[in-house]
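Subject: Handing over the structure

Hello,

Here is the structure I promised to pass on. Please look it over first, then read my notes below.

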Amino acid sequence: MFNSTLIPLMVVFPLIAAILVNFLHQKDRSVKTIAIISSIVAVIIPLITLYGVHLFSGHIRTESFPEMSKLLIPDVYMGIVYSYGPLQKILLALLTVMTVFVIFLSLNRKLISGVYVAMIFISLASVSAIILADDFFNFFVFTEVLTVAQAALVIAVKETKSHKAAFKYMIFGTVSGGSILLGIALLLGIYGLLNMTDLSNAIIAGGALPPIALTAVALITVGWLYESGLFPFHIVKSNMYENATPEAAALLQLQSKFVLVAMSIALLRIFSGYTLLKSVMLGFAIFTVVIGSVMALQQTELRKLLSFVAVGQAGLVAMGIGLGTSFSISAGIFHAINDVLSMAILFFVAGYILDSYKTTKLDQLGDGLQKAPLIGLIMFLATLAISGVPPFNSYQSEFRLIQAAVQAGYAELGILIILLSIATFVAIIKAFYMIFMKPGTNVKPDLAIRGRMHKTIIVILIVMCLFIGLFPHLVYDPIYNVIVALGV
Amino acid sequence: MLDKIYEIFHERMIHKGKGVGIGSGFTSEFLMISFFLIAGILVLRTANSVLFALGSMVILAAILFTVPTVFRVEKENTDSINLTCFYVALSIAVLLIVFFSGSEVLI
Amino acid sequence: MFDYILLFVVALSAVMAVIQENLYKSIIILGFESFSLAAIYHFLLATDVAATQAILGAALIPGLFIVALYKTTKGRDE
Amino acid sequence: MEPFQVGAFLTAGVLVLTGLWAIIMMDNMLKKVIGANLVGDGVNLVLIGIGYRPGGLVPEVTHHFHASAVPSTFSHFLAFNEFAELASYPLPFALVLTNIVIGASTLSVMLALSVVLYHKYNTLSVQKIFEGMEED
């Protein structure tokens with residue numbers, strides 16, 4: 001277990017880049033150069049980092065004394081620990097690549113505000129820290145920073161609806177952040193620990209959870225629901241997706257799905273063997289995915305529809321995690337990775353349509369297939385990809401989810417997942433028909449508003465979807481090995 | 001029969017376009033009903049307490065008598081902040097109750 | 001004895017700051033609550049936290065509130 | 001547990017519940033922000049109360065002991081283990097210091113948003129702002 005010094009760079013470097021572009025606020029050329037260079041460096045860092053743990057300020061494990069651990073587990077970590085493994089590598093590679101795409105598209109759309117790019121970098125650093133952190137309070141701090149950064153990304157659209165969405169998001173963010181910190185405080189009061197590994201050891205050594213620890217579980221679960229946009233907060237999340245620029249919405253849904261994965265793994269690691277938590281996760285996930293799909297079917301506005309589809313897919317990921325077997329958890333994480341790609345394609349297409357037609361109301365759009373055939377083809381392929389049609393990637397993950405549901409003893413959930421993928425397909429194919437195949441309207445789109453880069457990026461993404469669909473084991477097997485090794 | 005359902009949906013969803021919107025309305029209604037049936041079956045199968053079984057049967061009957069449920073769901077999921085506050089308070093209460101009672105009966 | 005009185009003052013002023021109709025008065029009460037909370041931190045042996053809370057909670061946050069309130073209601077009562 | 005600690009926890013409970021009441025029930029946006037501030041204060045008080053040790057020392061290193069101190073030569077200094085026996089648990093203080101700053105930044109963003117929304121709608125009432133018809 002050697003001390004890899006490149007690991008904190010994944011968090012520190014985006015923060016430095018954010019500070020730089022924030023200082024160079026008005027100078028657009030330098031902001032553009034620094035944004036491109038540092039985003040590419042941010043892609044390179046996770047690829048060249050070796051697996052391992054980073055002990056901040058070199059605090060090694062020491063034997064526990066009563067201040068640190070109330071029940072004496074043999075040795076505890078004295079400092080903040082970041083751990084970096086195959087799962088973190090996959091998530092961080094996808095996260096940084098998507099961030100690069102979004103930064104390129106934002107620069108392409110002349111959104112070169114230094115503060116905007118800085119907020120993208122700060123959210124990248126926060127999600128990287130949330131994925132890497134093995135320390136509960138560090139986790140909490142970066143969830144709060146992520147809340148502020150996402151709200152700022154939405155505020156950057158200077159419309160009243162986006163201001164209202166950001167205000168709602170931050171009000172409930174204070175509630176959920178307070179509940180997470182209160183849960184952490186109660187756990188600290190009982191066990192005297194903040195490190196997740198030591199906490200799980202202490203909880204296993206302590207036996208059954210006392211009532212105060214049950215209160216902590218409930219409070220942290222409230223925070224989990226908020227951070228991943230599940231049932232009571234799905235309206236807030238979908239408002240955020242809807243009122244951001246579509247590129248920022250693609251980034252936001254990716255970040256919230258990855259935070260969902262990281263926080264669920266943390267909860268399952270800490271309270272391992274507490275099956276009621278998994279049951280509660282499963283219940284909220286089922287509610288979220290059904291309500292998200294039903295609301296998506298009811299919408300007549302493209303961005304709102306895609307927002308509810310994204311919320312529903314997050315519920316599907318949480319359903320896989322809530323089933324609780326290693327197979328279902330790895331299938332849920334795999335579905336998160338696949339779904340992020342296809343949702344990003346759909347949001348980028350929505351951004352193209354918003355820029356060219358100046359609206360995303362479905363009844364005002366029409367016969368786009370003559371005007372933009374490539375975009376139409378790619379949106380159709382992304383629709384197939386997100387609704388689980390072979391040979392695309394979501395087919396592999398949804399197939400594994402259904403298999404895991406049947407193996408876990410809930411065959412009805414397999415039927416429900418099939419119905420939900422059908423509903424998602426109907427919802428998005430309705431939008432596809434009304435945009436690209438419906439007889440046209442009098443709206444005159446200017447189709448040259450986006451350069452060649454936009455088309456290149458969505459083609460790259462659909463090729464990535466096809467590649468993961470054809471070779472799923474490249475992504476799935478490391479995740480499965482990690483989950484089995486975690487033993488949650 | 002189908003024409004009557006179409007008429008019901010049409011006069012409910014008059015502002016949502018003609019054919020495709022009503023088709024998606026049918027789909028969501030079918031999804032809601034099948035979801036309630038599946039949830040009822042799950043609770044009946046996994047809950048080994050008579051109370052849960054009776055409660056789920058009553059709720060299922062009450063829901064199946066109030067189709068179409070889609071518009072109810074849509075009315076409960078508006079962008080209103082007060083509704084979200086209500087559901088947040090409700091879910092916090094439900095979480096505390098569930099974790100304190102510690103009943104493994106729930107699925 | 002004084003510390004228990006401070007606890008009671010904090011609880012009372014929090015409730016007062018919420019149920020107060022006049023927003024200026026409620027913001028002043030909020031700053032008072034933060035300052036007595038800093039005193040409680042001092043009694044709880046957290047002196048550095050007490051200093052930070054006294055600066056931020058009793059000076060900065062009421063200042064931000066006053067600025068926001070002046071920018072919104074121009075001094076009128078809601 | 002020390003009775004003063006119990007009183008601190010009860011006060012923190014009052015603060016958190018008052019803040020939640022303000023966030024959920026109050027109509028004024030600034031009152032909601034005040035409630036958010038109160039929730040943060042209550043959580044901080046819980047954390048500080050956890051670290052408290054009755055009759056302990058303030059865990060500031062330079063005041064009470066020196067690393068290479070023998071009590072005979074420096075009579076007012078303590079050796080480290082002696083100091084660690086007496087001092088209160090300093091980890092929650094660091095957490096609270098972080099949380100206070102985070103809360104202040106979040107609150108300033110929320111205040112700016114409420115100012116912007118006021119200039120759009122000329123009111124602070126959440127009922128009038130959020131429940132009205134959506135303009136496009």
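In which helix of chain D is the place of Val14(D)? Val14(D) sits in helix H1 of chain D, residues 3-25. Helices here are DSSP runs of H or I with at least four residues, strands are E runs of at least two, and both are numbered from the N terminus.

Before going further, some ground rules. This is a predicted model, in which local features need pLDDT of at least 70, side-chain atom pairs count only at pLDDT 80 or more, and totals for chains, interfaces and linings use all residues. Residues are numbered from 1 along each chain as its sequence is written, chains are lettered from A and ligands numbered from 1 in the order in which they are written, and side-chain values use heavy atoms, with hydrogens and water left out.

Val14(D) and its surroundings

Val14(D) has a relative accessible area of 32%, so it counts as partly exposed. The scale runs as follows: buried is under 20% relative accessible area, exposed is over 50%, and partly exposed is in between (1.4 Å probe, protein chains only). Leaving aside neighbours within four places in sequence, Val14(D) is in contact with Ala11(C) and Val15(C). Contact means heavy atoms within 4.5 Å. Within chain D, the C-alpha atoms of Val14(D) and Ser105(D) are 24 Å apart. Those two residues are 91 residues apart along the chain.

Chains C and D

Four pairs of chains touch, and chains C and D have the most contacts among them. Chain C brings 40 residues to this contact, and chain D brings 44 residues. The area buried between the two is about 3600 Å². Carbon and sulfur atoms give 77% of that area. Buried area is the accessible area (1.4 Å probe) that two parts lose on being put together, summed over both. Val18(C), Leu44(C) and Leu45(C) supply 20% of what chain C buries against chain D, more than any other three residues.

Which parts of chain C each supply at least two residues of the side that touches chain D? They are helix H1 (2-19), helix H2 (23-43) and helix H3 (47-73). H3(C) gives the largest share, 14 residues. By class, this side of chain C has 25 nonpolar, eight polar and seven charged residues. Nonpolar covers Ala, Val, Leu, Ile, Met, Phe, Trp, Tyr, Cys and Pro; charged covers Asp, Glu, Lys and Arg; the others, Gly among them, are polar.

A salt bridge is a side-chain nitrogen of Lys or Arg within 4 Å of a carboxyl oxygen of Asp or Glu. Four residue pairs are in polar contact across this interface, both residues at pLDDT 80 or more. A polar contact is a pair of N or O atoms within 3.5 Å; within protein, one must be able to donate a hydrogen and the other to accept it, and residues adjacent in sequence count only if both atoms are side-chain atoms.

Chains that do not touch

Chain A and chain C have no contact, and their closest C-alpha atoms lie 15 Å apart. Chain B and chain C do not touch either; their nearest C-alpha atoms are 18 Å apart.

Salt bridges in chains A and B

Over all chains, the count comes to seven salt bridges. Lys161(A), Glu242(A), Lys304(A) and Asp79(B) are linked in a network of them.

Glu242(A) meets Lys161(A) at 3.6 Å, N to O. This pair links distant parts of the chain, 81 residues apart: Glu242(A) in helix H9 (residues 234-243) and Lys161(A) in helix H6 (residues 160-191). Glu242(A) is buried because its relative accessibility is 6%. Lys161(A), at 24%, is partly exposed.

Glu242(A) also forms a salt bridge with Lys304(A), at 3.3 Å, N to O. Lys304(A) lies in helix H12 (residues 302-323), 62 residues from Glu242(A). Lys304(A) is buried at 17%.

Asp79(B) and Lys304(A) meet at 3.6 Å, N to O. That pair crosses between chains, and Asp79(B) is in the loop between helix H4 (70-76) and helix H5 (81-101) of chain B. Asp79(B) is partly exposed at 23%.

Gln298(A) lies in helix H11 of chain A, residues 275-298. Gln298(A) is buried, with 2% relative accessibility. The side chains of Gln298(A) and Ser28(B) are joined by a polar contact of 2.9 Å.

Best wishes
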